[in-house]
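Here is a short report for a first look at a protein model. Please view the sequence and the structure before reading on.

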Amino acid sequence: MEDEGALVELAAHAAVALENAQDRQQLLSANRQLADEAAERVRLIGQSPAIEALRSIIRRVADTDLPC
């Protein structure tokens, strides 16, 4: 009986952890989508060295998988 109670409690914790993981994935996906939509509307204009350096940094950072 004691083992059964422990298993039920463990299952409840596992269910909460799974739900939290799914919620986190949904939030990350929504965040990515919002960032992509915002990025589509932003355009850098100009060819100055500062703008070109900024473009280079953006390209390097965009290729990483860092959390926001």
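This is a predicted model: local features need pLDDT of at least 70, side-chain atom pairs count only at pLDDT 80 or more; totals for chains, interfaces and linings use all residues.

Begin with helix α2, which spans residues 49-62 and includes Ile58. Arg55 is found in helix α2 too.

| Residue | Relative accessible area | Class |
|---|---|---|
| Arg55 | 18% | buried |
| Ile58 | 44% | partly exposed |
| Leu66 | 64% | exposed |

Take Arg55 first. Arg55 counts as buried because its relative accessible area is 18%, and buried means under 20%. Which residues does Arg55 touch, leaving out those up to four places away in sequence? They are Leu44, Ile45, Gly46 and Gln47. The side chain of Arg55 also makes a polar contact with the side chain of Glu52, at 2.9 Å.

Ile58 itself is partly exposed, at 44%.

Where does Leu66 lie? Leu66 is in the segment after α2. Its relative accessible area is 64%, so Leu66 is exposed; the cut-off for that class is over 50%. Leu66 and His13 are 53 residues apart along the chain. Their C-alpha atoms are separated by 29 Å.

How values were computed:
Residues are numbered from 1 along each chain as its sequence is written. Side-chain values use heavy atoms; hydrogens and water are left out. Helices (H or I, at least four residues) and strands (E, at least two) are DSSP runs, numbered from the N terminus. Buried means under 20% relative accessible area, exposed over 50%, partly exposed in between (1.4 Å probe, protein chains only). A polar contact is a pair of N or O atoms within 3.5 Å; within protein, one must be able to donate a hydrogen and the other to accept it, and residues adjacent in sequence count only if both atoms are side-chain atoms. Contact means heavy atoms within 4.5 Å.
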